[in-house]
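Here are my notes on the model you sent. Please read them with the structure open.

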Amino acid sequence: MKKSIIILCLLLLLTVPSNITLAKLNLEPVVQNQLGNSDISVSVRDVVTGEILYEKNGEVALKPASTLKLLTAAAALDILGSNYRFHTKLYIDGELKGKMLEGDIYIKGEGDPTLQKHNFEAFADALKHYGIESVTGNLYGDDTVFSGSQLTPGVATSDESYYYAARTTALTMSPDNDFDAGSIIIHVTPSAIGKAPIIQANPSLSGMNLINQAKTVVAGEETTIEIERQYRTDTIVVTGNIPLGKPFKDWVTLYDPTINTLYAIKETFEEKGITFTSQNVIKRGKVPIDAQLIYAKHSVPLKNLIFPFLKLSNNSIADILVKTIGKETYGKGRTDYGVKALNAYGTAMGLNMERWYLEDGSGISHENRVTANELSHLLVKVKDEPSFKIFYDSLPVGGSKDRLIGGSLRKRFLTEPYKNHVVAKTGSISGVYTLAGYVKANSGKTYAFTIMTQNQSTPALNSIDEVVKTIIAKY
C-alpha cells in the first residue's frame, strides 16, 4: 500500500495545473562539468506547458538505447489498448479412437511472452479432458502471425546468446515472471571437487544440446562459469569453474523459439502421461481450417505487461509489441511494419518524426537515432494519453530498492533528498548511456527531462545522475 501511495503522489504532481511561467534553468555549469560538450544531448521541459527550459545539443540526434521503449510503450497502449491480450490456442486434427488421437496436435501462437510450463500443463489437462492419452501424429507449431527475421536489426553477433537479444517468433515461452521470452535458465550446481557440476535447465533443454566443460573447485575460489549458445546453433556450452557452495545460473537464448517451445510442450505432455509414437515429429505447420479448437490460453492484459516491460527494460517484450502493432495496424507482423506504426503514432500525437530514425522498438540497435528535445517532447505529450497512468506507474522509481518498483533505477538516487524524486527510463548499450523521464525538484516543480550520451569510454551513469540531482536540489 505504501508503494502505491508513493507512485500515486508522484503521478499527481505531474497533473497539477500551473499558471507560473518557469524561468530557464541554468544547468550549463553542471552539464559542462559532468558531461562535456560532444556526444551528449540534454533537454528539460516544463511538464505542463512543454516549454524547453534548458537544452544542450537538443536537436542533435543520438542513440537512445532503451529510452526508445518510452515510445514503444505509449504506442502499444494506444494502438492495442490497455486490455489487449495475447492468445495461444490448442487444436486437434484427426479422429479420436478410444484414448488415442489418430491425428495431429497444433499449437497456434500470437507472440505471448507470458507462456510458461504451467500453461503447457494446462494444455495437457485439456487433452486429457477430451480423453486423449496417446497421439499417433505430429506436434505442429503455427507461428504465422509473425513473419520476417526472428532477430531484430542491429543485434550483434556476440550478443545472440544473451537473453536481451533473444529471437522473436509468434510461439515462444518464458522461464520466469520477468517474461524474457525466447530464453531458458541454465542452473549450474557444484558436485565433487574436480568433477563436472550438475546442470539443469528451466523449463528444460527444450530440444537444445548441452556440452558441459565446467569443473567443480574448492570453496572460496572464483566463479568463472560462462554459459553460451554457440553462434547460429542449438548447442549450449558451459565452461569455467564453480566453487563448492556457490550455485550459479544464467539465461541463454533459444535457437528457434517456435521449435524449442514445442519440444518443451511435448516433454510436459509426456510428463502428464500423454504418449506419442516413435514416428512423431515436431515442426512448423499452419492450423488446418477444419481443426478443432479445444483450449485457449490468454495472457495478462497489456496494462499489466507494460509493468515488467518498462521496469525491467525487457527487450523481448519490446520486439513482440513492435511486431504485434505492425500486425494490428498493417496486417503484417514484422518489425519493419511495427516501426512504421511507431512513426505513424508519433506523428499523430504531434511529434516531429523527422527527428527520429528507428530500426526497432527496444533500442538495442546502434542505428536508432532521436533528439533529446523529441524524447522530452514525447514525455510531455504522453501525459494527454488515456493510458498515461499505466505508462507512468510502469517507469522505474529512483531510490526504491524493491526490484518491482525501482526496476533499473533501484541502485540509483538512493539517498535523500533524491530518493523517490526520479521516475524515468534508463538506457544502455555499448558506449551509450541515457536517462529520460520525470524529476520532482525540491521546489515542488516537476520537469520532463532527457539526457543522452554516446561514444563513452567509461560508464556515464554517475555524471547523468549528477545533472538530475542538481535539478532536484536547485530548481
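1. In H3, Lys69, Thr72, Ala73, Ala76 and Leu77 meet Leu302, Ile306, Phe309 and Leu310 of H6. Contact here means heavy atoms within 4.5 Å. The contact residues of H3 with H6 comprise seven nonpolar, one polar and one charged. Nonpolar covers Ala, Val, Leu, Ile, Met, Phe, Trp, Tyr, Cys and Pro; charged covers Asp, Glu, Lys and Arg; the others, Gly among them, are polar.

2. This is a predicted model: local features need pLDDT of at least 70, side-chain atom pairs count only at pLDDT 80 or more, and totals for chains, interfaces and linings use all residues. Residues are numbered from 1 along each chain as its sequence is written, and side-chain values use heavy atoms, with hydrogens and water left out.

3. H3 spans residues 69–79 and H6 residues 302–311; they pack at about 175°, axes 11 Å apart. Axes are lines fitted to C-alpha atoms over the stretch in contact, and angles run from 0 to 180 degrees between N-to-C directions. H3 is therefore roughly antiparallel to H6 (over 145 degrees).

4. The largest pocket holds about 860 Å³ of space. Its lining has 31 residues, and Tyr163, Tyr164, Leu312, Ser313 and Ser428 are the closest to its centre. A pocket is an open set of points on a 1 Å grid where a 1.4 Å probe fits, with protein on both sides within 12 Å along at least five of seven lines; lining residues have an atom within 4 Å of a point.

5. The pocket lining divides into nine nonpolar, 13 polar and nine charged residues. Strand E21 (residues 422–429) gives the largest share, five residues.

Technical notes
Helix = DSSP H or I, 4+ residues; strand = E, 2+ residues; numbered from the N terminus. Parallel < 35°, antiparallel > 145°, perpendicular 65-115°, else oblique. Points joined across faces, edges and corners; volume = space filled by probe spheres on them.
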